[in-house]
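This report describes the charged pairs and a surface patch of the structure shown below. Accessibility is given beside each contact.

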Amino acid sequence: MNAADVMTSPVVVVSPATTVREASAVLGDRGFSALPVVDEEGGLVGIVSGADLLMAGMTPETANSPVARVMRKSVISAPMSATPEELATTMLSQRLRCLPIVSDGQLLVGVVSRSDLLRILTPADAVVAARVDAALRSYSGSPRWTVAVHDGEVSVSGPFADVAERKVVEALVRTVPGVRGTQVAS
C-alpha cells in the first residue's frame, strides 16, 4: 500500500490568483485545513492554510488580494510511492494536517489527510464496534452492554430489562452502518 492507495483525489485547489476571500470561503465551506495552490499546468506552487488566511486578516485590501501574497511557497509533499508509515512520519514530524501527493513531474495528484491515514489504520470491525457502542450509549445513557464485532457480525451481551428491551437493542444495532448481522444475549 502506498500514497496512491490512500490519497484523496481529485483535489480541491486554488490558483495563485484566487483571492484571499475566495480561498477562505472554500476552506470554510469544505472544512479543510489547507488548500494546495497550483499553477495552470497543475504543478504544486504553494499551500494556504486557514492559519495563513487568519494571519493575513480580512481587511478590504487583504480580502481581495491574491492567495500568492499569503501562501507558503515552501511546501512539503510526498511521492505517490510513499508508504503509509512514511506519510504518517512526515505529517507528525512536520505537524501537518494534510500532505500533498505529487507525481514524478511535481504535478499535484492527491492529498493525504490525518483522517485518510486513520481510516487505513483502523480495522473496519473496530469502527463498527465504536458506532454500535455509541448508539447503545445514546439509547441507554450509560455503558450497559459489551459489544464485540467479527467480520461485521455484532454480538451484544449484558443485562436487559426484559425481552422488549432486547428486541429494541437488536433493532438499533441493525441500523448501524457496517453491521452484517446481530446476536443479542443476556
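## A pair across the chain

R72 is partly exposed because its relative accessibility is 37%; in this report, buried means under 20% relative accessible area, exposed means over 50%, and partly exposed lies in between (1.4 Å probe, protein chains only). The side chain of R72 meets that of D52 in a salt bridge, at 3.1 Å from N to O. The pair links distant parts of the chain, 20 residues apart: D52 belongs to helix α3 (residues 50-56), whereas R72 sits in the loop between α4 (60-63) and β3 (78-79). D52 has a relative accessible area of 9% and is therefore buried.

A salt bridge here requires a side-chain nitrogen of Lys or Arg within 4 Å of a carboxyl oxygen of Asp or Glu. Helices (H or I, at least four residues) and strands (E, at least two) are DSSP runs, numbered from the N terminus.

## Basis of the model

The model is predicted: local features need pLDDT of at least 70 and side-chain atom pairs count only at pLDDT 80 or more, while totals for chains, interfaces and linings use all residues. Residues are numbered from 1 along each chain as its sequence is written, and side-chain values use heavy atoms, with hydrogens and water left out.

## Pairs within helices

The structure holds 4 salt bridges. Side chains of opposite charge can pair when their charged atoms come close. One of the bridges joins D116 and R119, whose closest N and O atoms are 2.5 Å apart. These two residues are 3 residues apart in helix α6, so about one helical turn separates them. D116 is buried because its relative accessibility is 4%, whereas R119, at 55%, counts as exposed.

In helix α7 (residues 124-140), D133 and R137 are 4 residues apart and thus also separated by about one helical turn. Their side chains meet in a salt bridge of 2.8 Å, N to O. D133 is partly exposed at 23% relative accessibility, and R137 is partly exposed at 40%.

## A nonpolar surface patch

M1, I120 and L121 make a nonpolar surface patch of about 330 Å². Patches consist of residues with over 30% relative accessible area and no salt bridge; like charges are joined within 9 Å, and nonpolar side chains (Val, Leu, Ile, Met, Phe, Trp, Tyr) within 5 Å. Accessible areas come from the Shrake-Rupley method with a 1.4 Å probe, and for residues only the protein chains shown count as cover.

L121 lies in helix α6 (residues 114-121). With 60% relative accessibility, L121 counts as exposed.
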